[in-house]
Amino acid sequence: MSDLFDTIVFLVQQMWFFSIPLLIVALGGMFSERSGVVNIALEGIMVVGAFCSILFINLMQDSMSGQGLLLLAMLVAMGSGVLFSLLHAYASINLRSNQTISGTALNMFAPAFAIYTARVIQTNSVQQVEFTNTFRIPSVPLLGDIPILGPLFFQRTYITTFIGIAILIIATFVLYKTRFGLRLRACGEHPQAADSMGVNVFKIRYAGVLLSGALAGLGGLVFVVPTSTNFNATVAGYGFLALAVLIFGQWKPLRILVAALFFGLMKTVASAYSGISFLQGLPIPSDIYKMIPYLATLIVLAFTSKRSQAPRASGVPYDRGGR
Amino acid sequence: MSKGTGFFKALGRVSLGVLPSLIAIAIGLAFGFVILLISDSSRAVDGLKMIASGGFTGGMKGTGNVLYFATPLIMTGLSVGFAFKTGLFNIGASGQLLMGAFAGIYVAHNATWIPQPMLWVVCLLTAMCAGALWGMIPGLFKGLLNVHEVIACIMCNYIGLYGVNYMIRNSNIYDRLKNQTVNIPHAAIPRWGLDEIFHNEMASGFKDASSVNGGILIAILLAVVMYFVLNRTTFGYELKACGHNRDASRYAGINEKRSIIFSMMIAGALAGAAGGLIFLAPSNGPSIRVEEILAPQGFSGISVALLGLSNPIGIIFSGLFVAYISQGGFFLQRLNYMPEIIDIIIAAIIYFSAFALLVQNLIATAGRKRSARREREDDADDAAVPEEEAST
């Protein structure tokens with residue numbers, strides 16, 4: 001019995017590392033798409049956010065460490081994400097260009113920029129940015145001692161996990177309970193109608209894209225910190241997976257959470273099956289395990305997408321004269 | 001209008017279509033120059049020359065290598081561009097490419113009873129079929145189950161990646177020592193004399209040949225075929241109509257589900273052909289490595305398609321351009337610059353092509369307005385009320 005419980009604890013603790021970055025980035029994508037701007041640049045923004053913040057940690061870690069450094073790095077990640085997403089916002093809102101074009105350009109620019117900058121400023125032109133992980137929390141005081149829940153949620157964790165959950169709660173509140181959220185959703189469904197009621201569609205869409213930039217940049221850092229000790233100009237396709245989680249979650253915060261947890265759990269099983277005794281015995285090769293998260297997502301989607309509908313005006317540049 | 005101007009009109013239309021891309025390229029290069037200046041100002045001018053002369057720096061061999069590297073880019077560009085034209089975003093070219101490559105190599109290694117001169121043709125067709133099947137999956141999901149094609153494509157990329165790794169490991173085409181697929185020199189695409197043109201003559205009389213092969217001609221041929229299908233056939237028209245407006249197409253009697261599935265199949269076949277053309281290249285062509293990385297050509301295809309404005313003929317040129325400037329980045333290392341600068345330049349070009357398109361639209365709108373005004377003025381002239389001509 002305790003063996004089974006240990007397995008579950010292990011799975012859940014690992015799951016957060018996969019699910020939380022997906023959740024944060026997908027919520028970012030949600031703000032952008034609900035405002036009417038498709039953001040396929042999430043991957044590129046993650047790379048830029050992770051690069052700037054990991055570089056910040058790399059430069060500052062001699063004088064600082066622990067949660068303070070991580071919190072400052074998160075601000076750096078969000079700030080760099082916002083700046084980078086401005087490019088996408090300008091092209092898709094002011095210039096009304098095809099939103100795939102600037103998104104693709106940003107995705108292409110980000111890793112090249114990260115490698116180029118790292119090699120220029122680091123000695124021996126190394127492209128990996130190293131950092132020392134001083135951020136893990138062995139056990140949250142008091143909460144970590146709660147039986148059952150303690151090990152699942154409050155042991156061997158990172159502060160980023162709780163920030164991710166906090167972002168989810170705030171995002172849900174903002175989207176459904178504030179004036180800004182209502183306006184944002186209106187701009188993504190029928191911007192002309194919103195405009196006729198005096199909503200500034202340009203401003204709202206800028207807010208949507210910049211929020212997605214902040215969250216995607218943060219997601220980049222949150223992805224790298226628990227899973228690696230250096231940043232090598234890639235987030236392993238997590239930006240695109242977050243896009244998938246966003247669609248899987250049908251552009252709604254709580255469904256996005258479910259999708260991110262589902263995908264994260266599948267991903268954990270796929271990467272950690274050899275440590276789980278009852279899975280280890282099964283005659284399934286590792287390649288098939290690795291396939292499971294993607295296959296399972298596709299199958300679930302097949303049953304749940306019949307009435308799925310993207311925000312109606314998402315991807316369509318705003319034209320005042322349109323109907 | 002006198003006769004004989006039709007040709008010039010067409011030429012004018014083409015140049016107006018190309019102009020935004022040229023402006024974007026100029027701005028992108030200027031942006032690259034600024035980065036060269038920032039990182040090492042003393043060699044920046046030489047660096048810019050090196051980028052601009054691209055593959056030509058390597059002489060005829062370099063030029064041939066541009067054609068070699070352009071081949072898969074044109075194919076994945078066609079795949080993504082064709083899907084764009086029919087209103088779909090094929091972000092799954094990586095998986096389709098890999099499926100095609102696996103199928104092609106498998107047949108090449110096992111179907112040795114096929115006469116050798118024909119073998120590469122069979123392998124390439126198999127690769128296209130495998131790509132088409134893999135592309136059909138997101139098509140079916142989108143057409144029948146309303147699953148967004150972007151998410152289905154992303155999932156199929158990874159399923160294809162791990163599936164191909166599994167199939168390679170469990171088939172006789174696995175080279176265990178090198179952790180990659182076996183060589184298949186007997187199924188190589190012929191060079192069709194291209195190596196006779198694209199090589200550097202060494203002093204000793206040795207021919208330093210480029211890697212170019214018949215694949216580039218096949219890619220160009222397929223591009224022309226796609227242009228014809230899209231612009232000159234009812235089938236292509238139906239696919240495009242579905243892309244513009246699904247509901248209107250259904251109302252017009254087009255089976256829109258079938259169209260979506262066919263579009264994704266064709267896009268998949270084109271990406272599968274890219275896989276075939278990469279791995280059936282002659283003289284120890286590359287092998288599929290058993291890794292966990294998605295084929296990067298699938299994503300470059302998006303850039304190529306966007307630069308070529310999704311027009312199959314435009315994609316030939318944008319594929320050649322991307323390969324050309326990437327070769328420039330290869331030679332740029334001689335000046336101690338990092339080759340990543342080329343990706344930055346290409347990204348800048350794509351970004352600014354959005355601006356350039358906007359300028360073009362503004363010009364077109366202004367032109368329409370002016371000609372409309374002219375017509376009004378002509379009408380006014382007919383009414384014998386002359387207006388000031390100098391004002392225009």
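The buried residues of helix α7 (residues 179-189) of chain A are R183(A), L184(A), A186(A), C187(A) and G188(A), where buried stands for 20 or more other C-beta atoms within 10 Å of the residue's own, exposed for 12 or fewer and partly exposed for what lies in between, with C-beta atoms placed from the backbone. The model is predicted, so that local features need pLDDT of at least 70 and side-chain atom pairs count only at pLDDT 80 or more, whereas totals for chains, interfaces and linings use all residues. Residues are numbered from 1 along each chain as its sequence is written, and chains are lettered from A and ligands numbered from 1 in the order in which they are written.

**Exercise 1.** Name elements that cover the buried residues of α7(A).

*Solution.* Helices are DSSP runs of H or I with at least four residues, strands are runs of E with at least two, and both are numbered from the N terminus. The cover of the buried residues of α7(A) includes α1 (2-34), α6 (159-177), α8 (191-196) and α9 of chain A.

**Exercise 2.** Describe how α2(A) and α9(A) pack.

*Solution.* Begin with the geometry: helix α2 (residues 42-60) and helix α9 (residues 201-227), both of chain A, pack at about 60 degrees with their axes 7 Å apart. The axes are lines fitted to C-alpha atoms over the stretch in contact, and angles run from 0 to 180 degrees between N-to-C directions. Finally, list the partners, which include I45(A), A50(A) and I54(A) in α2(A), and G213(A), L221(A) and V224(A) in α9(A); contact requires C-beta atoms, placed from the backbone, within 7 Å.

**Exercise 3.** Describe the surroundings of I137(A).

*Solution.* I137(A) is found in strand β2 (residues 137-139) of chain A, and I137(A) is partly exposed, with 17 other C-beta atoms within 10 Å. Leaving out residues up to four places away in sequence, I137(A) touches T157(A), Y158(A) and I159(A). Of these, I159(A) is 22 residues from I137(A) in sequence and 7.5 Å away in space, C-alpha to C-alpha.

**Exercise 4.** Which helix gives the largest share of the side of chain A that touches chain B?

*Solution.* The contact takes 39 residues from chain A and 36 residues from chain B. On the side of chain A, the largest share, 13 residues, comes from α4(A).

Conventions:
Two residues are in contact if their C-beta atoms, placed from the backbone, lie within 7 Å.
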